[in-house]
Amino acid sequence: MQDLRKQGITNQKEYAVSAKYGKLENVHFLTEKGAKLTAEALRFDISQVQYPKSLNTFFFHDYQHRINMIDTQIEYLNWIEASNRINKKIEAYYFTIGSTRASTKTGKLQRQTKIELSQGSSFDPDSVFIYQSEQSPVLALLEMCNGDKTKRIIEKIVMYLQAFNEKAPQKHYQTDENRGYYMLFVFEKPSIMQATIERLKQNTAVLEYQKFLLFKELGKVAPFGSDWITLEGELVTLK
């Protein structure tokens, strides 16, 4: 890594000690030179290679949330490779599309995962996966639940269920509207996961979604494809 920095291919961002998490890990990233070399080696357009344009825009307020999200995405890709599935799309809330100068609503700067709902509302899953299984493409939306605010998590789940009923994600990503999709919730704290499940079970109407609404502890996110928990405590494997 040090050699890459000396060549100007990568750089790093160092963070101070956090009162909550202690010493934060350094973040390594591609420079513009590194992005160009990567695009050339992989025969990508430079726009397909993500790299920070300025250190002034680097994240801090959602540091742990983003690190947890990236770790989970890595486990997803490891599972895809190990299970001979094919990743067709992976998106994340921290990437943006559009421009601040755009004059139309669809062209304005927004999170990559933004999905429009009815009555002018919208929501932003933390990550979106589309992968090819043996039978057909599978769509999965994932939310990283940090902290201990169960009420906020429930509100987010309600938004997910609204989107499910409206088939908004299938329309947005142009997948089969007659097929459901996974709503995956990963929890930093096991106790908050259990509290959330217990609160959801109080509403029996939510139980009809349990085939698609799945939960997992962050510490047990690997292997990604197995041991997801339903509302009734059953362990299931992703298709």
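This is a predicted model: local features need pLDDT of at least 70, side-chain atom pairs count only at pLDDT 80 or more; totals for chains, interfaces and linings use all residues.
**Close-up 1. Lys216 and its polar contacts.** The side chain of K216 comes within 3.4 Å of the backbone oxygen of K220. K216 itself sits in strand β13, residues 213-217. Which side chain of opposite charge is nearest to K216? It is D227, 6.0 Å away. K216 has no salt bridge, although it is buried; the cut-off for a salt bridge is 4 Å. Beyond four places in sequence, K216 is in contact with F185, V186, F187, M193, V221, P223, F224, S226, D227 and W228.

**Close-up 2. Gln112 in a loop.** Q112 belongs to the loop that links β7 (110-111) to β8 (115-116). Is Q112 buried or exposed? Its relative accessible area is 16%, so Q112 counts as buried. The side chain of Q112 reaches the backbone nitrogen of A92 at 3.0 Å. A92 is also among the residues in contact with Q112 from beyond four places in sequence; the others are E91, F95, T96, I97 and Y173. P125 is 13 residues from Q112 along the chain, and their C-alpha atoms are 9.4 Å apart.

Close-up 3. Strand β1 covers residues 10-13. T10 and Q12 form its covered face. N11 and K13 form the uncovered face. In a regular strand, side chains alternate between the two faces of the sheet. Strand β4, residues 27-30, runs antiparallel to β1, and four bridges join the two. Within β4, H28 is the bridge partner of Q12.

Close-up 4. Helix α4 runs over residues 150-166. Its 17 residues, at 1.5 Å each, should span 24 Å; the end C-alpha atoms are 25 Å apart, so the two values agree. Which residues of α4 are buried? They are T150, I153, I154, I157, Y160, L161, A163 and F164. An α-helix has 3.6 residues a turn, so residues three or four places apart point the same way. The cover over the buried residues of α4 includes strands β9 (122-123), β11 (137-145), β12 (182-187) and β13. Helices α5 (168-173) and α6 (190-201) are also part of that cover. After α4 comes K167, with a positive phi near 55 degrees.

Conventions. Residues are numbered from 1 along each chain as its sequence is written. Side-chain values use heavy atoms; hydrogens and water are left out. Buried means under 20% relative accessible area, exposed over 50%, partly exposed in between (1.4 Å probe, protein chains only). Contact means heavy atoms within 4.5 Å. A polar contact is a pair of N or O atoms within 3.5 Å; within protein, one must be able to donate a hydrogen and the other to accept it, and residues adjacent in sequence count only if both atoms are side-chain atoms. Lys and Arg count as positive and Asp and Glu as negative; His and the chain ends are not counted. Two strands pair if DSSP finds at least two bridges between them. The expected span of a helix is 1.5 Å times one less than its number of residues.
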